[in-house]
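This briefing is a guided reading of one protein chain, arranged by topic. Please keep the structure in view and find each residue as it is named.

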Amino acid sequence: MAAATATISGKAGYAVRLASRLGLEKDTVEKLRLAASLHDLGKIGIHDTILNKATPLTAAEFALIKQHPDIGARILQPMAPLKELLPWIRHHHERYDGMGYPDGLRGEAIPLGARIIAMADSFDAMTSDRPYRRALPLKAALEQIRQGAGTQFDPQLAFTWLELYPPDLLPQVDTG
């Protein structure tokens, strides 16, 4: 349980850092902290053998994984104080280029909170050991963020994310 709590705190912490850097209002930052802590709640409906699988997922297993944002939103829907967070939780796997899920939203159609949680969740996934791979070094993860700007990630958020780190850790952009 401590490992799960640490991971949730990390994702929420990343979301708070980015939201604060963007200058979002304190109330919005706190809502993001809560939503980032709850965003994967729907994984409770996915069997552990799939969540902890060390080999590539089958198409059927990935289809099940893709249901977790909807499951989480359905679990939280009856809780009136959380209604505002539901779009952020439901759409945290959308991609800026429209290739995400569950609805294939694109660009600004993806709620800002969901785009922030997606950045935090992705960075945490890159920099954490997984059953199927070791964590990336920080510099490599930052390079993945840079490369994903405009495709996987909102470009403004990606470049703001990179501003959170010292210049010596940032990937060098080839200008020649």
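**A network of charged side chains**

K43 has a relative accessibility of 30% and therefore counts as partly exposed. The model discussed here is predicted, and a search through the whole of it finds 15 salt bridges. Side chains of opposite charge can pair when their charged atoms come close.

*Salt bridges*

- K43 and D40 meet through their side chains in a salt bridge, with a distance of 3.4 Å from N to O.
- D40 and K11 also meet in a salt bridge of their side chains, at 3.4 Å from N to O, and this pair links distant parts of the chain, since D40 is in the loop between α2 and α3 while K11 is in helix α1, 29 residues apart.
- A network of salt bridges links K11, D40, K43 and D121.
- Elsewhere, E163 forms a salt bridge with R21, in which the closest N and O atoms are 3.3 Å apart, and this pair again links distant parts of the chain, with E163 in helix α9 and R21 in helix α1, 142 residues apart.
- E163 counts as partly exposed because its relative accessibility is 46%, and R21 counts as partly exposed because its relative accessibility is 43%.

- Helices α1 (2-21), α2, α3, α4 (59-65) and α7 (112-126) each supply at least two residues of the lining of the largest pocket, and α7 gives the most, with five residues.
- The search of the whole structure finds one cavity of 30 Å³ or more, and the largest cavity has a volume of about 50 Å³.
- The lining of the largest cavity is made by E94, R95, Y96, I110, R115, A118, Q152, F153 and D154.

- Which residue joins its side chain to that of R146 in a polar contact of 2.6 Å? The partner is E143, which is found in helix α8 (residues 138-148).
- E143 is buried, because its relative accessible area is 17%, which lies under the 20% cut-off for that term.
- At the start of α9, a side-chain oxygen of D154 comes to within 2.8 Å of the backbone nitrogen of Q156, and D154 is also one of the residues that line the largest cavity.
- Further along helix α9 (residues 155-163), the buried residues are L157, A158, T160, W161 and L162.

*Loops and surface*

- I44 has its place in the loop between α2 (26-38) and α3 (48-51), and this residue counts as exposed because its relative accessibility is 66%.
- Together with I75 and M79, I44 makes a nonpolar surface patch of about 280 Å².
- The peptide bond from Y101 to P102 is cis, with omega near 20°, and P102 lies in the loop between α6 (86-90) and α7.

Technical notes:
Residues numbered from 1 in each chain as written. Predicted model: local features only at pLDDT ≥ 70, side-chain atom pairs only at ≥ 80, totals over all residues. Heavy atoms only, no water. Buried < 20%, exposed > 50% of the residue type's maximum accessible area, 1.4 Å probe, protein only. Helix = DSSP H or I, 4+ residues; strand = E, 2+ residues; numbered from the N terminus. Polar contact = N/O pair within 3.5 Å; in protein donor to acceptor, adjacent residues only side chain to side chain. Patch = residues over 30% accessible without salt bridge, like charges linked within 9 Å, V, L, I, M, F, W, Y side chains within 5 Å. Areas by Shrake-Rupley, 256 points an atom, 1.4 Å probe, with all protein chains shown as cover. Salt bridge = Lys/Arg side-chain N within 4 Å of Asp/Glu carboxyl O. 1 Å grid on protein atoms, 1.4 Å probe; cavity = no way out; pocket = protein on both sides within 12 Å on 5 of 7 lines; lining within 4 Å. Points joined across faces, edges and corners; volume = space filled by probe spheres on them.
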